[in-house]
Amino acid sequence: MRDETPVTRLRAAAFRVPTDGPEADGTLAWDSTVIVVVNVEAGGCAGLGYTYGAAEGASLINGTLAPVVSGQDIWDTPSAHERMRQQVRNMGASGIAATAISAVDVALWDVKARLLDLPLARLLGMRRPTVPVYGSGGFTNYDNVRLRDQLAGWVAQGCQWVKIKVGTDPDRDPQRMAAAREAIGDAGLFIDANGALSSKPALQLARRAADAGVRWFEEPVSSDDPAGLSWLRDRMPASIEIAAGEYAWNLDDIRRTLDTVDVQQADATRCGGVTGFLAAGTLCDAHHVDFSGHCAPSLHCHVACAVPRLRHLEYFHDHARLEAMLFDGAAEIRDGRIAPDLTQPGLGLTLKAADAARFAL
């Protein structure tokens, strides 16, 4: 019988990393990305987790979650996860609290795998050795030259699909989709409105998108509008699938969208870490709905090898760039796929502390 191995240290820090240029989608514009990195120690071993979102997540982790996780047995990850959920009950378990829990959960799994000297994918059980990815960026403020160059670059790396943002100026989007099609040839083209549109304008854009060979329309309306998603799915051109779910904070959120989409998305940095992502994959499997991971490729790489019905993982420009800057062992595309490093324990990631320090908040 294995002895208990208590968590002896849990700390989080936030970093703000400038993007490589201004970026925009259908609802927001930004010039930096915030990442909250968690360090957990147990049994003389250290592991990490992270999430993207608000810097305040670090304070919530250090002040609210660390006291209830410290001293917990590292082998009892579900117990620690439940204690964190209970601790944030009165403040609400969505939003910043969900991202904080997600980052800590990932770090706990990372430590557990490191203590066992196993890659996390091996600990979870691998259904596939590699994960297909689609290149994601194509921001609405890009001119056509940058749009084409970015998308063509992903196709040159073997990606079967690429995705562009739409919705800032729907009248201009058909021309942008045509430019994207010119750049990628026969590769699959996806579009993402980030919930910027209402149902009828989204349907109008979808009909134009079908002419450009678009195969996936992500969040044409908000994920908080399941009736709108369902209305659109029933009227969408047959060649286009509806996807949503990146803002799901828990299984209830995912359950609400499962009957309204063709492909369900989830993000381990938001929906409860490794624990939540595995549960989301199982729920999709039970409903016979394909599953797609959202962003944070280096974090998702291992768990995406383990879940059922995985379609692909989003290789988001900002996160791929940032993870390569801040972590040794960051995921890299090879022939349109990423793969966990099975020679390293845990996630196989190490924070480049000196490089990260200049971005610390």
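Student: What makes the contact between R114 and D110 a salt bridge?

Tutor: This is a predicted model. In it, the side chains of R114 and D110 meet at 3.0 Å, N to O. The cut-off is within 4 Å. So the pair counts as a salt bridge. Both residues lie in helix α3, four residues apart, about one turn of the helix.

Student: Why is D110 called buried?

Tutor: Its relative accessible area is 0%. Buried means under 20%, so D110 is buried.

Student: What makes R334 and E332 a salt bridge?

Tutor: Their side chains meet at 3.5 Å, N to O. The limit is 4 Å, so the pair qualifies.

Student: Why is R334 called exposed, but E332 partly exposed?

Tutor: Exposed means over 50% relative accessible area. R334 has 57%, so R334 is exposed. E332 has 48%, which lies between 20% and 50%, so E332 is partly exposed.

Student: Where do R311 and D290 sit, given that they form a salt bridge?

Tutor: R311 is in strand β11 and D290 is in strand β10, 21 residues apart. Their side chains meet at 3.0 Å, N to O. D290 has 21% relative accessibility; buried needs under 20%, so D290 counts as partly exposed.

Student: Why are helices α9 and α10 called roughly parallel?

Tutor: Their axes cross at roughly 25°. Angles under 35 degrees count as roughly parallel, so these helices do. The crossing is right-handed.

Student: Which residues of α9 meet α10?

Tutor: L251, I254, R255 and L258 do. Their partners in α10 are G276, A279, A280, L283 and C284. By class, the contact has seven nonpolar, one polar and one charged residues.

Notes
Residues numbered from 1 in each chain as written. Predicted model: local features only at pLDDT ≥ 70, side-chain atom pairs only at ≥ 80, totals over all residues. Heavy atoms only, no water. Axes fitted to C-alpha atoms, helices over the stretch in contact; angles between N-to-C directions. Helix = DSSP H or I, 4+ residues; strand = E, 2+ residues; numbered from the N terminus. Parallel < 35°, antiparallel > 145°, perpendicular 65-115°, else oblique. Left-handed = near helix turned anticlockwise from the far one by under 90°. Contact = heavy atoms within 4.5 Å. Nonpolar A, V, L, I, M, F, W, Y, C, P; charged D, E, K, R; others polar. Buried < 20%, exposed > 50% of the residue type's maximum accessible area, 1.4 Å probe, protein only.
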